[in-house]
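Reader: I am new to this structure, and I would like to be taken through it step by step. Could we begin once the sequence and the model are in view?

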Amino acid sequence: MNNKKLILGLCFLALMIFAVWLIPAGNRPSLDLTLSADSEANCTVIMVGKKASADGSTMATHTCDCGICDWTWRHVPAADHKPGETRKIYHINQYKTWPPEQGLKWDLYQQDFTGLEIPEVPHTYAYHHGMFGYINENQVAIGESTIGTHRKLVNNTPAAKFDITMLTLIAMERGRTAREAIKIMGSLAEKYGYGYNDDGEMLCVHDPNEVWVFEIMPVGPLWKPESGKPGAVWCAQRVPDDHVSVCPNESRIGEIDLKNPDYFMASPNVISFAVEQGLYDPKSGKPFNWKKAYSPAEGSARSTEGRRARLWRFFDLVAPSQRFSPETPNMDFPFSVKPDKLISVEDVMKLTRDRGQGTAFDRVKGIRGGPFLNPNYYGTTRTICDPRAEYTTITQCRGWLPNPIGGIVWIAFGVQDTSCYMPFYAGITAMPDSFRIGDHWVFNRESARWAFDYVDFHVQVAYSYGLEEVKKAQAKWEAEAVTRTKEIDEKAMNLYQESPAKSAEFLTGYCLNNAKNVIDAWWKLGDDLLVKFNHLKFYNIEKRQMDRSQPAYPEWWRKAIRIFDVIFEEGVK
Amino acid sequence: MRKKISPPRLDASLTIILFSLLFIFGSSLSAQTKIPKANLPVLTTSAGQSNDVNTVNIILEEAGIKYDYCDVPDVDLIKSGVGLADRESAPGFHVEVYTDLGRFPKGTPYKTVIFALGASLKGMGASGLTVDAEEARLKRIVEYCQKNKIMIIAVHVGGSALRGAPGSDNERMIDAVAPFADYIVVTKDSNKDGRFTNIAKARNVPLTEVDYALDLVQIFKQLFQ
């Protein structure tokens, strides 16, 4: 290396060191004192009130972003129960995978019986079951996000009989409204203890009329039922009908007003337990603040280098007129916001695919994304769209239709940007067989989920090109399914008036058939992408030609390579 | 007026006292063996990176026992003694030093190590460990403790969900520590199959089985008395 290059290289390094040194200490990410959900940062819940949506529905998402978790689904039918029957309570770990060769998840988790059986109700409702309970026949729907809490409140001991997963299943079985579902979950957690596999958790619980944020915390490992004290502390706040909100693994409930039961609910110990634990001092003169007491999370989108950017990004996307700043500490963001325009289900789908494009936290900014702008390479930003997604749900509740037709859960397997949302009405009586199969460790062409991973894998070869192919397929299968919803609703309504059973049969047939077509299309798309970008060339399948100039490496990428070589490679001029 | 008969009241009182005593001893510890003596300073750690070490730490705090904690210490760090060589927490590596430095200055060798048993893929992933790596780490530190006469206490408070089939992640963590422990403490839910009882019997080491984690507070107080 000649002197000129050596000096240039040293200057570059000095600049880098100086730039890093310039970052004020206060802006560097620091370790939270709480057991934060940050390391997991696993799920995003987007919520839309009925007067904030384009069609009057309420909506919520759950991006089940895990990377190693279970993705299987089933339909659970309604059931009648005799007096004296009991409901067994199981520990169900949301981060666990049940090896398919050993059986189905819902059979295998029965091996983790807690020893607790609670009195059964005379009738349990039908619902769709993925990792959590998602929507039942009453249009009670749920989305989940882990929010974390103080380490001293975590209760992983067997004294805590309920995990969050089990609570959602009971809510599905017994809930007629969102409010009722929240009260059921809250009271069971208080009585029998909450935690074990989970700590601070948030659920969006909604029905056709209301959208609620329900947050629950364990009360520490020293709790036992004989103490007479609640085994959980929880709080719920309703999203105003004309507002939208989000939970990106951060507690969202701030100050509470329990005198306003239209908007707030809580366990009886909500404040007293915080005082007892030294998490709130009534003498401070400050009002009680739920998230500051139980799940404080420091930092802003900017100060965490995008690690906590989802909150700001969501608010900026739905209400750009309010000019939310990425510098604002996340704890200071409002609970909810009125969107600049009404939100459709397509808008929600698009939100779940957001990669922070064009922002300071864009994962393909500079040379990070490589020549084909791949956001899955290097970057600190945690975007709403996450490559670890097992599946994403959008639950939609529509009050102007009978419950079995009004409720829909849209399911997209795998990463949101390369996947396809498929509708499953609340009133259908079966889920596709291919939804019951597979795990992360064995490729399986019988498993629906693998079709979407198969496409995603081949998109990575030349991301920007591959994604265009996916968008064409999404326009064909997903956008058409959204458009067809009105027609399907009408057909189902006509049949419903004749016979609800016939309507359910029709909807089941439609949903299963649509899912099969989408899954077949995604397997074909994966095959086509493999062929098309084989050898990192461009094979035109229709013309049976290979274009050597494609995929094209952009000029800026060539320059970036040149700059790197000039600085670091010996003998390069 | 008929005179009141006192003996039955006495019997009732005695019965209440007896039942109370039975309840206190029965519920607080269904102790199978005498609680041994352990010495300070003590280090707590995880065998398998489940969050149960957090439970152990809270129990110690409730019992008023000062401790040091590291989630993934290796031999060198244990060898560095109290204060854990002033290492700072970082992603995937956590240390907390609460030992009374007035009584036990930095560098004082640990006399006791408490292992919280339970495998968590999430926890091991966060620490950048595989099951094999965690098992190998445990083997090294258990050997070091044995060689240096550091008391090993194995605690399993996670119940049946932190157990599994032979060879499963949880059982491997148990195998790595429990058979070498000088004292084993478990919740009843963790010992339904009697595995810990058998391990304790095989090595003739004391075992205490409790209903709830809360019951361990009194046990730890006695242990470090």
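Author: Helices and strands here are DSSP runs numbered from the N terminus, a helix having at least four residues and a strand at least two. The model is a predicted one.

Reader: How many helices and strands does chain A have?
Author: With runs counted in that way, the secondary structure of chain A includes both kinds of element. The count comes to 13 helices and 22 strands.

Reader: Why can chain A be called as compact as a globular protein of its length?
Author: The C-alpha atoms of chain A fill a box of roughly 85 × 65 × 50 Å along the principal axes. For 573 residues the globule rule gives 25 Å, and the radius of gyration of chain A is close to that value, so chain A is as compact as a globular protein of that length. The radius of gyration itself is 25 Å.

Reader: What share of the residues in chain A is buried?
Author: A residue counts as buried if 20 or more other C-beta atoms lie within 10 Å of its own. Applied to the 573 residues in chain A, this gives a buried share of 51%.

Reader: How many residues of domain 1 of chain A are in contact with domain 2 of chain A?
Author: The domain assignment of chain A gives domain 1 as 3-27 + 537-568 and domain 2 as 35-528, and their C-alpha centres lie 39 Å apart. On the side of domain 1 of chain A that touches domain 2 of chain A, six residues are nonpolar, one is polar and none is charged. They meet seven residues of domain 2 of chain A, and the number from domain 1 of chain A is seven.

Reader: Which residues of helix 11 of chain A make the contact with helix 10 of chain A?
Author: Helix 10 (residues 448-459) and helix 11 (residues 463-498) of chain A pack at an angle of about 145°, and their axes are 8 Å apart. By class, this contact has five nonpolar, two polar and no charged residues. Helix 10 of chain A contributes V455(A), H458(A) and V459(A), while helix 11 of chain A contributes Y463(A), G466(A), L467(A) and V470(A).

Reader: Which element of chain B gives the most residues to the side that touches chain A?
Author: In this pairing, 20 residues of chain B are in contact with 18 residues of chain A. The elements of chain B that give two or more residues to that side are helix 2 and helix 4 (121-126). With five residues, the element that gives the most is helix 2 of chain B.

Reader: Is the crossing of helix 2 of chain B and helix 8 of chain B left-handed or right-handed?
Author: Helix 2 (residues 52-63) and helix 8 (residues 215-223) of chain B pack at an angle of about 65°, with their axes 9 Å apart. I59(B), L60(B), E62(B) and A63(B) of helix 2 of chain B meet L216(B), V217(B), F220(B) and K221(B) of helix 8 of chain B. The crossing of these two helices is right-handed.

Reader: Is V155(B) buried or exposed?
Author: V155(B) is placed in strand 6 (residues 151-156) of chain B, and the residues that V155(B) touches include V56(B), I114(B) and V185(B). The C-alpha atoms of V155(B) and L117(B) are separated by 6.0 Å, although the two residues are 38 residues apart along the chain. Because 31 other C-beta atoms lie within 10 Å, V155(B) is buried.

Notes
Residues are numbered from 1 along each chain as its sequence is written. Chains are lettered from A and ligands numbered from 1 in the order in which they are written. This is a predicted model: local features need pLDDT of at least 70, side-chain atom pairs count only at pLDDT 80 or more; totals for chains, interfaces and linings use all residues. Axes are lines fitted to C-alpha atoms, for helices over the stretch in contact, and angles run from 0 to 180 degrees between N-to-C directions. A crossing is left-handed if the near helix is turned anticlockwise from the far one by less than a right angle, and right-handed if clockwise. Two residues are in contact if their C-beta atoms, placed from the backbone, lie within 7 Å. The radius of gyration is taken over C-alpha atoms; the globule rule is 2.2 Å times the number of residues to the power 0.38. A residue is buried if 20 or more other C-beta atoms lie within 10 Å of its own, exposed if 12 or fewer, and partly exposed in between; C-beta atoms are placed from the backbone. Domain bounds come from an automatic or database domain assignment. Ala, Val, Leu, Ile, Met, Phe, Trp, Tyr, Cys and Pro count as nonpolar, Asp, Glu, Lys and Arg as charged, and the others, Gly among them, as polar. Lists of a residue's contacts leave out its neighbours within four places in sequence.
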